[in-house]
Amino acid sequence: MAITDPEIQLALVLRAIQFEQEHSIKCDLSLMMEVFNEVLWQNNRPLSLSCAVDNIFSINNQELILAFMQLNDVPSLNFAYEIN
């Protein structure tokens, strides 16, 4: 599935909103697309919409934060208090 698929983008927007509400850290569609495309799905892209949506919502916030930190050009986000 392409990261630009409208249904995938909707799932990413909803996951970004969930993340923001739980951590008060600003997260938008472009950041979610980048982290899933370049880190989380780099070697194992989902082949179906249901697998993609399941993957988007099954990743926990700690794993998501660690994935954000692997991006080359991360916006100035303060993740320090999240990582133990």
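## The overall layout

From the N terminus on, the chain runs α-α-α-α. That comes to four helices and zero strands, where helices (H or I, at least four residues) and strands (E, at least two) are DSSP runs, numbered from the N terminus. Keep in mind that this is a predicted model: local features need pLDDT of at least 70 and side-chain atom pairs count only at pLDDT 80 or more, while totals for chains, interfaces and linings use all residues. Residues are numbered from 1 along each chain as its sequence is written, and side-chain values use heavy atoms, with hydrogens and water left out.

How much of the chain is buried? Of its 84 residues, 36% count as buried. Here, buried means under 20% relative accessible area, exposed means over 50%, and partly exposed is in between (1.4 Å probe, protein chains only). The accessible surface of the chain is about 5100 Å², and 51% of that belongs to carbon and sulfur atoms; accessible areas come from the Shrake-Rupley method with a 1.4 Å probe, and for residues only the protein chains shown count as cover.

Now for who touches whom. A contact means heavy atoms within 4.5 Å. Take the contacts between residues at least 6 apart in sequence: 63% of them join residues at least 24 apart.

## Two aromatic pairs

A search of the whole structure finds two aromatic pairs. Phenylalanine 19 and phenylalanine 68 form one that is edge-to-face, with 5.6 Å centre to centre and 70° between the planes. This pair links distant parts of the chain, since phenylalanine 19 sits in helix 1 and phenylalanine 68 in helix 4, 49 residues apart. Phenylalanine 19 counts as buried because its relative accessible area is 0%, and phenylalanine 68 is also buried, at 0% relative accessibility.

Phenylalanine 36 and tryptophan 41 form an edge-to-face pair too, at 5.1 Å centre to centre and 65° between the planes. Both of these residues are buried. As for the rule behind the word "pair", rings of Phe, Tyr and Trp (its six-membered ring) pair if their centres lie within 6.5 Å; planes under 30 degrees apart count as stacked, over 60 as edge-to-face and the rest as tilted.

Methionine 32 is in helix 2 (residues 29-40). Is methionine 32 buried or exposed? It is buried, because its relative accessible area is 0%. Leaving aside neighbours within four places in sequence, methionine 32 is in contact with Leu12, Arg15, Ala16, Cys27, Leu64 and Phe68.

Valine 13 belongs to helix 1. From C-alpha to C-alpha, methionine 32 and valine 13 are 7.7 Å apart in space, and they are 19 residues apart in sequence. Valine 13 has 31% relative accessibility, so it counts as partly exposed.

## Asparagine 61 and its polar contacts

Asparagine 61 is in helix 4 (residues 61-70). With 12% relative accessibility, it counts as buried. Beyond its neighbours within four places in sequence, asparagine 61 is in contact with Arg15, Phe19, Glu22 and His23.

Its side chain makes a polar contact of 2.3 Å with the side chain of glutamate 22 and another, at 3.0 Å, with the side chain of histidine 23. A polar contact is a pair of N or O atoms within 3.5 Å; within protein, one must be able to donate a hydrogen and the other to accept it, and residues adjacent in sequence count only if both atoms are side-chain atoms.

Side chains of opposite charge can pair when their charged atoms come close. The whole structure has one salt bridge, meaning a side-chain nitrogen of Lys or Arg within 4 Å of a carboxyl oxygen of Asp or Glu. Glutamate 20 forms it with lysine 26, and the closest N and O atoms are 3.5 Å apart. Glutamate 20 is partly exposed, at 23% relative accessible area, whereas lysine 26 is exposed, at 61%.

Serine 24 is in the loop between helix 1 and helix 2. Although serine 24 is not a glycine, it has a positive phi of about 55°. Serine 24 is exposed, because its relative accessible area is 70%.
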